[in-house]
Amino acid sequence: MNSSLPVIVIPAFNPDQRLLQLVADLQKHRELFQSIVIVNDGSNAVQIFNALPSAENLHVLSHAKNSGKGAALKTAIRWVIDQAPSASGVITADADGQHLPEDIIKVLQAFKKQPQALWLGSRNFKEKGIPFRSWLGNTFARYTFQLGLRIKVPDTQTGLRGIPRALLTDLINTPSDHYEFELDMLILAKRQGLQFCSVEITTVYEQGNSSSHFKPLQDSIIIYKNFLKFSGVGIASAGIDYGLFALIYGLTGEILVAIAAARLVSGIFNFTLNRQWVFGRGSSLTRDATKYTLLAVTLVGLNYIFTKGLLWLGVTPFIGKPLAEVIVFLLSYRFQKKLVFGNSTH
């Protein structure tokens, strides 16, 4: 067997017979992978795990209690780093039947040709019959990542992925332990400059998604917590900014003076909360503040250009500025996360 082949990783929480069938089907193509690592993430019953066939290339790891999908994936990735040092990477798949064996094989074959890229087994959300909550969650995440982070992929939440070896160490060091782990993976890959590649796979959903352990409200809040916190701080900052802008512009009639003064006050508020609460401390306070100030000055300039341009088109600054803020807000999130607080440990 070629030891440079990837390792298949399957996190499993209370799986059923489909896990046994999946393993049996994958073993028919063992020339494409080095081994299979299954993580029992604190399942209540162990009958399925006990029924797994004994095989030299099949390894079962266990958590004493349910710790989350991200935690299970990190446990397997640590095993790969320690026990399979020559593996080209990891192929992740779900245990609940949403990933067909033939689609996992498609990702394996694609990854073999280009193991330096992050491969995503992407579902087609234009198909009929997609559950609304799945369509809505993926559509929101797709456009959020595209607009805010310049990550353009067709399926941000797919669990079927080919992960290159270069990304593994960063992944085990991320604090994410639940479904947000897979979105954080995209951000880490973007920071490393990895190429994103996609393979279209079959969209499989049971009626009502009964086998899914995803809790729409609770897990969506976890997944988007940083962006939601950033949005909350942004709304509060915008309130301060707009109030001061309206006051100063009403008194002076000067757009640039009003924007600059309002941004100075709201910027101090925004920087403090984003550094401490949203992104965590980046590096030193002086360095973070310097980078933030340079970014703020740039964004003030863009805000001015947009607001002035809308005024030239006949839109009053009292309306034009909020419109300009939408564009500046998305740019601000992307640049603060990447350039200002990029060394955050949160």
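First, the ground rules. The model is predicted, so to speak of local features we need pLDDT of at least 70, side-chain atom pairs count only at pLDDT 80 or more, and totals for chains, interfaces and linings use all residues. Residues are numbered from 1 along each chain as its sequence is written, and side-chain values use heavy atoms, with hydrogens and water left out.

Now the whole chain. The secondary structure comes to 12 helices and 7 strands; these are DSSP runs, H or I of at least four residues for helices and E of at least two for strands, numbered from the N terminus. Of the 346 residues, 50% count as buried, meaning under 20% relative accessible area, with exposed over 50% and partly exposed in between (1.4 Å probe, protein chains only). Take contacts, heavy atoms within 4.5 Å, between residues at least 6 apart in sequence: 75% of them join residues at least 24 apart.

Next, helix 7. Helix 7 covers residues 180–192, 13 residues, and spans 19 Å from first C-alpha to last, close to the expected 18 Å. The expected span is 1.5 Å times one less than the number of residues. Which residues of helix 7 are buried? They are E180, F181, E182, L183, M185, L186, I187, L188 and A189. After the helix comes G193, with a positive phi near 75 degrees.

Last, N14. This residue sits in the loop between strand 1 (7–12) and helix 1 (17–27). N14 is not a glycine, yet its phi is positive, about 50 degrees. N14 is partly exposed, at 31% relative accessible area.
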